[in-house]
Amino acid sequence: MKLNFLRWFENLKTQAKLLTVFGLVGVIIAAMAGVGIVTNNRLAGQAETVYVDYTVSLTEFNTLLFNVNRYHEALIDVARTPRASDFEIELKDIAPFRGEVERLISRYESTTLRTSSSGRDEKKDLAELKAALADFFNQGDAAVNTIKESFENKALTNNQALAMRELGALAITVSLAPSFEKVTERHAEQIKTMSEVAKDLSDESKTMAGNATLILAVGGIVAVFLGLALGYWVAHKLSLG
């Protein structure tokens, strides 16, 4: 096959030989340019994915935990409220924190959830975090409703109302603690999973860039070799007259 190609090439006219070699060099350069463009587009897409799905999400997850802490602190303030008027004011302060947590969870859930190379699954971990948050909020709601009942139920005696408020306060300050710890634990696990997936994407980008560099280097060497070979051939033909 090699001998047939060389014989075919040798039988070409000088102009055809020059055009053939220049054509090969042009194809190699075009291929190198194509590899560069495709790789650049893929790296740009990968960088956008890492930024939108992970850099932004990791920042928002810190905000999420901040709002969970503020919600928990606001619940404790509710538990210490002695009067119904103060209770209603404190209760209004809780809603924004919970709303922000739910908004951030919903935003993260709308992104593409992936599995890391080590097997950590964003979707699975998110489901566990949502379950922990739901349990935390439900227990908080139950405690708040107990305190609210103590203020609103006129059938209760003062002692009964006080006992009910103390029961609600106990639920917030003591019984809610394990649920709160579970949320922080699942939040930490979600952060670890997101970080591992982001690292996988970063490593993939590095590999992609390395492969493209190798292809461009090899293509450049081949193009230079063909150019030198063509120059040598032309010089050799000219020396022969």
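**Helix α3.** At 1.5 Å a residue, its 26 residues should span 38 Å, and I found the end C-alpha atoms 38 Å apart, so the helix agrees with expectation. I then looked up which residues of α3 are buried: F87, I94, F97, V101, L104, I105 and Y108.

The side chains of E102 and R98 meet at 3.3 Å, N to O. Both residues lie in α3, four residues apart, about one turn of the helix. Residues three or four places apart point the same way because an α-helix has 3.6 residues a turn. E102 counts as partly exposed because its relative accessibility is 41%. R98, at 21%, is also partly exposed; the cut-off for buried is under 20%.

**Confidence.** I noted a mean pLDDT of 85 for the protein, with 92% of its residues at 70 or more. Confidence is lowest in helix α1 (residues 2-10), with a mean of 65, and highest in helix α4 (residues 122-152), at 93. Where pLDDT is low, the predicted coordinates should not be read in detail.

**T81.** I placed T81 in the loop between α2 (14-79) and α3 (84-109). Not counting residues up to four places away in sequence, I listed D86, F87, E90, F151 and R165 as touching T81.

**L65.** L65 lies in helix α2. Leaving aside neighbours within four places in sequence, L65 is in contact with T184 and H187. I also looked up the C-alpha distance from L65 to V101: 7.9 Å, for a separation of 36 residues in sequence.

**Aromatic pairs.** I found six aromatic pairs in the structure. For Y71 and F136, the ring centres are 5.7 Å apart and the planes stand at 65°, so I recorded the pair as edge-to-face. This pair links distant parts of the chain, with Y71 in helix α2 and F136 in helix α4, 65 residues apart. Y71 and F136 are both buried.

For Y71 and F137, the centres are 4.9 Å apart and the planes are at 90°, so this pair is edge-to-face too. It also links distant parts of the chain: Y71 is in helix α2 and F137 in helix α4, 66 residues apart. F137 is buried, as is Y71. Ring pairs join Y71, F136, F137 and F180 into a cluster.

**Salt bridges.** My search of the whole structure gave 12 salt bridges. In one of them, the side chains of R186 and D125 meet at 3.3 Å, N to O. That pair links distant parts of the chain, R186 in helix α6 (residues 177-239) and D125 in helix α4, 61 residues apart. I noted both R186 and D125 as buried.

R186 also meets E128, at 3.1 Å, N to O. Here E128 is in helix α4 and R186 in helix α6, 58 residues apart. E128 counts as partly exposed because its relative accessibility is 30%, while R186, at 9%, counts as buried. Which residues do salt bridges with shared partners join into one network? I listed K124, D125, E128 and R186.

Note on methods: Residues numbered from 1 in each chain as written. Predicted model: local features only at pLDDT ≥ 70, side-chain atom pairs only at ≥ 80, totals over all residues. Heavy atoms only, no water. Helix = DSSP H or I, 4+ residues; strand = E, 2+ residues; numbered from the N terminus. Contact = heavy atoms within 4.5 Å. pLDDT = per-residue confidence, 0-100. Expected span 1.5 Å × (residues − 1). Buried < 20%, exposed > 50% of the residue type's maximum accessible area, 1.4 Å probe, protein only. Phe/Tyr/Trp six-rings, centres within 6.5 Å; stacked < 30°, edge-to-face > 60°. Salt bridge = Lys/Arg side-chain N within 4 Å of Asp/Glu carboxyl O.
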